[in-house]
Amino acid sequence: MSPRQWGKGDRRRLSARDYPPAVLALVDDRQGGRFCVECRALGIVTPADEPLQIDHKQPLSEGGDNHHLNLQWTCRAHNCGRGARPIGAPRRPTWARRRPREEP
Ligand SMILES: [Zn+2]
């Protein structure tokens with residue numbers, strides 16, 4: 001199956017290694033690289049130890065599919081933090097929130 005057709009109408013929940021590399025490459029091409037789109041929108045740099053995950057723009061639970069046009073890369077914090085909420089203003093993940101100053 002062509003990577004451009006792959007996943008259309010497929011609502012199975014997959015792990016990143018189940019996506020054909022050619023499909024992930026289409027996501028990379030559209031984004032302009034492999035990075036967390038939500039960190040980028042916030043102007044913050046994703047920590048190196050924060051794994052990138054495949055995120056569904058329209059969640060699987062709301063009728064989204066595994067087609068490459070419905071996929072984007074986000075860091076784990078953003079992916080987990082958003083859950084099934086629709087895309088709105090991205091929220092800062094826990095590691096990016098300013099911590100209160102500690103008492104000396
Ligand atoms: Zn992120």
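**Reading a predicted chain**

Q: Which residues is Gln-58 in contact with, leaving aside its neighbours within four places in sequence?
A: Gln-58 is in contact with Gly-63, Gly-64 and Asn-70. Contact means that two C-beta atoms, placed from the backbone, lie within 7 Å. This is a predicted model: local features need pLDDT of at least 70, side-chain atom pairs count only at pLDDT 80 or more, and totals for chains, interfaces and linings use all residues. Residues are numbered from 1 along each chain as its sequence is written.

Q: Where is Gln-58 found, and how far is Gln-58 from Asn-70 in sequence and in space?
A: Gln-58 sits in the loop between β1 and β2. Asn-70 is 12 residues away in sequence and 6.5 Å away in space, C-alpha to C-alpha.

Q: Why does Gln-58 count as partly exposed?
A: Gln-58 has 14 C-beta neighbours inside 10 Å. A residue is buried with 20 or more other C-beta atoms within 10 Å of its own, exposed with 12 or fewer, and partly exposed in between. With 14, Gln-58 therefore counts as partly exposed.

Q: What makes Asp-65 partly exposed?
A: Asp-65 has 17 C-beta neighbours inside 10 Å, so it counts as partly exposed. Its place is in the loop between β1 and β2.

Q: How do you know where Asp-65 lies relative to Arg-11?
A: The two residues are 54 apart in sequence, yet 4.7 Å apart in space, C-alpha to C-alpha. Beyond four places in sequence, Asp-65 touches Gly-7, Lys-8, Gly-9, Asp-10, Arg-11 and Asn-70.

Q: Why is Trp-95 called partly exposed?
A: Trp-95 has 13 other C-beta atoms within 10 Å, so it is partly exposed. Trp-95 lies in the segment after α3 (76-82). It touches Pro-47 and Ala-77, not counting residues up to four places away in sequence.

Q: What secondary structure does the protein chain have?
A: The chain has 3 helices and 2 strands. These are DSSP runs numbered from the N terminus: helices (H or I) of at least four residues, strands (E) of at least two. Along the sequence, the pattern is α-α-β-β-α.

Q: How do you know that β1 is joined to β2?
A: Strands pair if DSSP finds at least two bridges between them. Here 5 bridges join β1 (residues 52-56) to β2, and the strands run antiparallel. For example, Asp-55 has Gln-72 in β2 as its bridge partner.

Q: Why is β2 largely enclosed by the rest of the structure?
A: 5 of the 5 residues of β2 are buried, so the strand is largely enclosed.

Q: What makes up the largest nonpolar core?
A: It has 10 residues: Tyr-19, Val-23, Val-27, Cys-36, Cys-39, Ile-54, Leu-71, Trp-73, Cys-75 and Ala-77. β2 gives the most, with 3 residues. A nonpolar core is a set of buried Ala, Val, Leu, Ile, Met, Phe, Trp, Tyr and Cys residues joined through C-beta atoms within 7 Å.

Q: What is the mean pLDDT of the protein chain?
A: The mean is 86, and 83% of the residues reach 70 or more. pLDDT is the predictor's confidence in each residue, from 0 to 100. Among the elements, α1 has the highest mean pLDDT (97) and α3 the lowest (82). Where pLDDT is low, the predicted coordinates should not be read in detail.
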